[in-house]
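The following note sets out points for a colleague who is examining the model.

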Amino acid sequence: MKKWRKILVLLLVLLSTAELLLRFVFGFCNAPLYVEDPDFEYVFAPDQYRFRFRNVVRTNAFSMRSDPVNPTDTTVVLLVGDSVINGGNPTDHDDLASTILEKQFTQHYHQPVRVLNVSAGSWGPDNVFAFLKKKGFFSADVMCLVTSSHDAYDNMSHHKLVGVNPNYPDKQYTVALYEFWHRYIYTLFVYHYVEVPLKEFFSPAAQHAPNDVIHKFGTVFNPGFQHLADTAKVMHIPFCIYLHPELPEIAQNRYDSQGEEILAFARKNRIPVIDELKLHRSGFPLTNDLFRNPDFDSIHYNAKGQAYMAKHLYPLLKQYLDAYFARHARTHRP
């Protein structure tokens with residue numbers, strides 16, 4: 001009996017230690033939450049401060065991964081896109097390309113320059129436009145869309161994700177150990193490598209879509225590209241595209257057909273493009289150490305990759321801002 005008591009006590013101590021470590025070291029039960037929206041599908045909930053996987057994830061009142069928007073903001077760059085610039089849980093607020101650029105431009109011009117991060121995981125350009133149409137363009141002076149080949153047909157479907165897809169939670173787990181099991185062990189491994197194969201074996205005709213896959217049903221080129229370009233023209237502000245390849249495209253040294261469609265759209269509309277594959281060919285290699293987990297994730301940057309993106313966004317955005325400050329020299333003095 002004493003032996004079983006010791007085992008039970010030891011088990012409770014181990015479980016309690018694991019629970020505390022997951023909560024206070026890795027930020028379990030403290031995930032960034034999402035809210036649904038009828039116009040742009042979903043976005044991070046506003047005004048969050050989360051500590052997750054040893055990274056700080058902050059959102060402002062407009063659900064941006066940026067510091068609060070202030071009435072005194074007179075110079076604004078909109079950096080818009082999907083998870084590539086959003087960073088998600090694995091990217092600390094200070095490591096985001098938008099944060100890096102905001103600090104660099106503010107230091108260079110000796111006055112506040114905002115680089116607002118308008119983004120969410122798996123957003124297409126139509127999500128971005130719908131968000132800005134609803135929330136406003138924040139008196140933007142420059143706008144840059146960070147995009148990838150898959151965005152060409154990544155059209156909104158309003159498929160319910162928030163509170164259903166484990167990557168888009170709307171409430172916190174109450175037990176860290178259960179979150180670790182359910183969101184990571186079960187969803188990433190048991191479901192994909194055990195349940196799905198078994199379901200396919202016993203019901204080969206049935207469709208068993210994994211619950212962590214976002215379903216997009218675009219049949220036409222994403223209209224958000226044109227909407228953003230047209231709006232920038234109406235606002236008389238510069239608009240550019242930053243085209244980010246996935247690892248297979250880097251290996252082949254060319255974009256797939258959808259990436260080529262984005263480049264063709266840019267040429268047709270005379271939109272400047274910062275082409276990462278061109279950078280790759282010209283002495284700025286896109287190496288695996290820029291990516292979060294190249295064996296499983298072919299697109300997302302780590303902190304080093306975010307710095308790479310900021311470095312190559314800087315020259316063109318600075319060119320636009322130089323022209324802006326030259327036009328407004330009387331009212332914007334360092």
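In which loop is the place of Asp47? The points below begin with that matter; the model under discussion is a predicted one.

1. Asp47 is placed in the loop that runs between strand S2 (41-44) and S3. Although Asp47 is not a glycine, its phi is positive, at about 50 degrees. Most residues other than glycine have a negative phi. The relative accessible area of Asp47 is 58%, and the residue is therefore classed as exposed, the cut-off being over 50%.

2. His158 also calls for comment on its backbone: it is not a glycine, yet its phi is positive, at about 55 degrees. The residue belongs to the loop between S7 and helix H5 (176-202). With a relative accessibility of 43%, His158 counts as partly exposed.

3. Strand S3 (residues 49-52) and strand S4 (residues 55-58) run antiparallel and are joined by four bridges. Within this pairing, Phe51 has Val56 of S4 as its bridge partner. Two residues lie between the strands of the hairpin, where Phe53 takes a positive phi near 50 degrees.

4. The open sheet has five strands, in the order S6-S5-S7-S8-S9, and its pairing is parallel. Strand S6 (114-119) and strand S9 (273-275) are the edge strands, each of them pairing on one side only. On average, and with direction ignored, neighbouring strands of this sheet are turned by 20 degrees against each other.

5. Inside that sheet, strand S5 (residues 76-81) and strand S7 (residues 142-147) run parallel, with five bridges joining them. Cys144 in S7 is the bridge partner of Leu79. H3 packs on the sheet, where it touches S5 and S6, and the direction of H3 makes about 165 degrees with that of S6. Helix H8 (residues 257-268) also packs on the sheet, touching S7, strand S8 (239-243) and S9. The direction of H8 makes about 160 degrees with that of S8.

6. How do helix H3 and helix H10 pack, and at what angle? Helix H3 (residues 97-109) and helix H10 (residues 303-327) meet at an angle of about 40 degrees, and their axes are 9 Å apart. The two helices are therefore oblique to each other, and their crossing is right-handed. On the H3 side the contact includes Ile100, Leu101, Phe105 and Tyr109, while the H10 side includes Ala307, Ala310, Leu313, Tyr314 and Phe325. By class, the contact of H3 with H10 comprises 13 nonpolar, three polar and two charged residues.

7. Leaving aside residues up to four places away in sequence, Ile100 touches Asp94, Asp95, Gln306, Ala307 and Ala310. The C-alpha atoms of Ile100 and Tyr314 are separated by 9.7 Å, although the two residues are 214 residues apart along the chain.

8. A further helix pair is formed by helix H4 (residues 125-135) and helix H6 (residues 224-235), whose axes come within 7 Å and cross at roughly 45 degrees. H4 and H6 are therefore oblique to each other. Pro125, Asp126, Val128, Phe129 and Leu132 in H4 meet residues of H6, namely Gly224, Phe225, His227, Leu228 and Thr231. Of the residues in this contact of H4 with H6, six are nonpolar, three are polar and one is charged.

9. Is Asp82 buried or exposed? The residue lies in the loop between S5 and helix H2 (83-86). Its relative accessibility is 3%, so Asp82 counts as buried, the cut-off being under 20%. Beyond residues up to four places away in sequence, Asp82 touches Ser119, Ala120, Ser122, Trp123, Val146, His150 and Asp151.

10. Ala152 is located in the loop between S7 and H5. This residue is buried, at a relative accessible area of 0%. Not counting residues up to four places away in sequence, its contacts are Val220, Phe221, Asn222, Phe225, Gln258 and Ile262. Between Ala152 and Leu243, which lie 91 residues apart along the chain, the separation of the C-alpha atoms is 11 Å.

Conventions. Residues numbered from 1 in each chain as written. Predicted model: local features only at pLDDT ≥ 70, side-chain atom pairs only at ≥ 80, totals over all residues. Heavy atoms only, no water. Axes fitted to C-alpha atoms, helices over the stretch in contact; angles between N-to-C directions. Parallel < 35°, antiparallel > 145°, perpendicular 65-115°, else oblique. Left-handed = near helix turned anticlockwise from the far one by under 90°. Contact = heavy atoms within 4.5 Å. Nonpolar A, V, L, I, M, F, W, Y, C, P; charged D, E, K, R; others polar. Pairing = 2+ DSSP bridges. Buried < 20%, exposed > 50% of the residue type's maximum accessible area, 1.4 Å probe, protein only.
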